[in-house]
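Q: Please take a close look at one part of this model. Then carry on to other parts of the chain.

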Amino acid sequence: MVTTDARPRISIAVISAAVLGYEILLMALFSLIQWHHFAYMVVSVALLGFGVSGSFLVLTRAALENNFRNFAVIQACLFGLSSLLCYALAQRLSFNPEELIWDNNHWLRLALVILLLALPFFFAANLIGLALIRFKYSLARIYAADLFGAGIGAVGIIAILFLVPPATALRYISLLGFAAAAVLWLECRGHWRPVIISLPIVMFCLYSLPGSWTEPLISPYKGLSQLLRVSGTRVVAERFSPLGLVTVVESEAIPLRHAPGLSLNSHLEPPAQLGLFIDADGLTAITHYSGERADLAYLDDLTSALPYHLQAPGRVLILGAGGGAGILQALYHDAGQIDAVEINSQVVDLVSDRFGDFSGKIFDHAGVKLHIAEARGFLQSAYGRYDLIQFPMFDSSTTAAGVQGLDENYLYTVEALKQAIKRLDDQGYIALTLGIKLPPRSNLKLFASAIAALEASGADNIERRLALIRGWQTSTLLIKNGEFSTTNIDAIKNFSRRRSFDLAYYPNMPAHEANRYNQLEASYFYDGTRALLGKQRDQFLHDYKFNLEPATDDRPFHSHSVKLSSLSELIKLRHRGGGALLETGYLTLVITLVLTLLFSVLLILLPLILIRRDTVRMLRRSSTVKVLGYFFSLGLGFLLIEIAFLQKFILFLHHPIYAASVVLGSFLVAAGVGSGYAQRFAGQRRSKKVTANAVAAIIVLGMAYLALLGPLMQSAGSLPLIIRILISIVLIAPLGFCMGIPFPLGLSALATSPPSLTPWAWGINGCASVISAILATLLAIHFGFNAVILLALTCYFAAAASFPELISN
């Protein structure tokens, strides 16, 4: 029996820090092992564990409550153990989202991955949930410790990932689980001797585990895995940070030849190259450069060389410098000044230092000025004007089909293109090169975004400011700050004819000039561009089988093209070569939602069925619907806001992992403070009014952010990272504080209710959160993140209207 004054606050904070650290670490690991969109699944999986815990505690509360210390210590230890083992087992299930399209067995494997990864969160939730039940009169303070620790964990894991690779960080998370068990034992009046003996043993065991247990097993469909299958290839350098794993690969037996979109007419070859990967995909190259201009001649036979044939640019901006191909292309064409932007300093270190002799230290070239910055942020902060702005190549043909559909890309939105247009000198160009995937989707979508950006910039004669060519592998779109002249058009035609590139659009282009060299069944690109510029654009967008609506900052999914109206048709085609059209990222998200929805419904209904009849009668008298509605609405609302803000702050903080850490950490710490504040009203009649006031503040703040957040981020996006982090915390903290109040006050209102009701409410909240984590992303893809926030505010309004009255047995 634990005395009432032995409240486990520090241990709750420690286990919560471990849980959030583990969640963000899994996001980073699955971005490497699989793809970026698995981050959404990880959030849902974590919350599934909490939902299952609520059901478990409904059924076992009576047996466990008076044995809290021993049970809680065991749960913390199980979290520490399972955080390693479940991750290792999940990797070895050989689940590949690409195979969901044609192999139904992978549905089962996905379900097993979800359940395995949910297990550590289940153990941690058992500890936290039973603490909330056992110490119900200090519930708000314990809940505050839970949220505060979670916030610290979200921030702390980023600091750890700057120091150690993810596999080592995973061991630290495991150790933190055992540390929570030790602290809890001492907090609950346990003797210190077992702690002194056991912790060193645990640390030794974790240190002694084989490295193969935690090393990421990268998907065979990622570019790095495919290249390493080539005989003679080997990894020659690796660097890791929260921005991802940077890998450099050498191929001795079969030389690497990376020149996307190289003309089939070209007899030139690249010099020796090294492969450069970020998170095991998105191949770029570090090219050997001896200073001889002739060695770079092959770069003139790429579609991306087109703008250099329209004018000799004095000042060029290269966004996403990577291995330096864009810089080399600009140097070959005698650009006067080159500003190169690269977000990842480790890429720069590898190119300039580790392989500096090989690359010719191009970042240190006299005509090159390097900027360590995110491309969109640099566009916001740049003061000068440019003759040419080269965007990084996106939708690479080296990436597995369909996996980029859920990637947020704030560089290919209407707002980003509008900013780039403002940075152009008179008669300057923006060049955007994409990989080609058929039927045309992202290429035409980018053309539509360019039209929208020019319209938003107030440009006239938009049809005279665009040009598009395509090769067999890539297309290049030009946006001009001015109208294409007859001389410009002749240069485009000559450049394309000599290299057998197809003309897709230029002003007043006749139809017979399209689709000559790399022939398709029809002139899809020409027809699409003409339709997008025509009077029937809206009808064309409606009738086209794929989504070509321009990407915006509110819906930044440039590569997503699946329409709900076409989904059933695409599913029917999956066994006839149409699988890639489904976008495996989108399909994985939908299947995960179906599976988690199934689990969640069972978790909500099962406890109701198993609760005793007298308790059910008591619940009916005390309005079960209100309890269900209150905690379900809070679970939906909290996560919908969190996910929407996480996405919006990616644009502001310039990276998903930074955004996850700052947004989750700020929300949870602020919510923890709010929960601590709510303690003074717990169990009182006025708790309903306090909850209503908090919800009113949430709605007011949410509506204000909808109106002001975009312009504020635009104006402050160029500030240093630390300043942007502080601004983010200041913006999130008031909303988080208010969001931390309703849940503990609702639970406090149930403190004198039938004992089974509190863990049931905990489970309902967790299950609703499971659904909302996936639902938020699907809604954002089709309706935008602003719509997600509006839905979240509606959920909070519904919660306030269904606040459970104080109940007594």
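Where is the place of His333?

A: His333 sits in the loop between helix α9 (residues 325-332) and strand β6 (residues 337-342). Helices (H or I, at least four residues) and strands (E, at least two) are DSSP runs, numbered from the N terminus. The model is predicted, with local features needing pLDDT of at least 70 and side-chain atom pairs pLDDT 80 or more, while totals for chains, interfaces and linings use all residues. Residues are numbered from 1 along each chain as its sequence is written, and side-chain values use heavy atoms, with hydrogens and water left out.

His333 counts as buried because its relative accessible area is 14%. The cut-offs are simple: buried is under 20% relative accessible area, exposed over 50%, and partly exposed in between, with a 1.4 Å probe and protein chains only. Setting aside neighbours within four places in sequence, His333 is in contact with Asp300, Ala305, Tyr308 and His309. Contact here means heavy atoms within 4.5 Å.

Now the whole chain. The protein has 28 helices and twelve strands. Its residues number 809, and 62% of them count as buried. Take the contacts between residues at least 6 apart in sequence: 77% of these join residues at least 24 apart.

Next, strand β4 (281-287). Ile286 belongs to β4. Its relative accessible area is 0%, so Ile286 is buried. Neighbours within four places aside, Ile286 touches Val248, Ala272, Gln273, Leu274, Leu276, Gly323, Val351, Phe355, Phe358 and Ser359. Ala272 is 14 residues from Ile286 along the chain, and their C-alpha atoms are 8.7 Å apart.

Some backbone features deserve a check. Asp279 lies in the loop between β3 (273-278) and β4. Asp279 is not a glycine, yet its phi is positive, at about 50°. With 15% relative accessible area, Asp279 is therefore buried. Lys361 also has a positive phi without being a glycine, here about 45°. The loop that holds Lys361 runs between α11 (356-359) and β7 (368-372). Lys361 is partly exposed, because its relative accessible area is 40%. Then there is a cis peptide bond, from Leu438 to Pro439, with omega near -10°. Pro439 is placed in the loop between β9 and α14.

Strand β9 (424-435) and helix α14 (442-456) also pack against the buried residues of α13. Those buried residues are Val414, Ala416, Leu417, Gln419, Ala420 and Ile421, in a helix spanning 414-422. Their other partners are α12 (375-381), β8 (386-390), β11 (474-480) and α24 (687-716).

Asp553 comes next, in the loop between α17 (537-543) and α18 (567-572). At 12% relative accessible area, Asp553 counts as buried. Its side chain makes a polar contact of 2.9 Å with the side chain of Arg376. A second polar contact, 2.9 Å as well, links the side chains of Asp553 and Thr413. A polar contact is a pair of N or O atoms within 3.5 Å; within protein, one must be able to donate a hydrogen and the other to accept it, and residues adjacent in sequence count only if both atoms are side-chain atoms. Not counting residues up to four places away, Asp553 touches Arg376, Tyr410, Thr413, Glu415, Leu651 and Gln714.

Beyond its neighbours within four places, Ser718 is in contact with Gly377, Gln380 and Ser381. Ala382 is 336 residues from Ser718 in sequence, but their C-alpha atoms are 8.4 Å apart.

Last, a helix pair. The axes of α1 (residues 9-33) and α5 (residues 139-163) come within 6 Å and cross at roughly 40°. That is why α1 is oblique to α5. Axes are lines fitted to C-alpha atoms, for helices over the stretch in contact, with angles from 0 to 180 degrees between N-to-C directions. Under 35 degrees is roughly parallel, over 145 roughly antiparallel, 65 to 115 roughly perpendicular, and the rest oblique. The crossing of α1 and α5 is right-handed, meaning the near helix is turned clockwise from the far one by less than a right angle. Among the α1 residues that meet α5 are Ile12, Leu20 and Ile24. The α5 side includes Ile142, Gly149 and Ile157. The residues of this α1–α5 contact divide into 13 nonpolar, four polar and three charged. Ala, Val, Leu, Ile, Met, Phe, Trp, Tyr, Cys and Pro count as nonpolar, Asp, Glu, Lys and Arg as charged, and the others, Gly among them, as polar.
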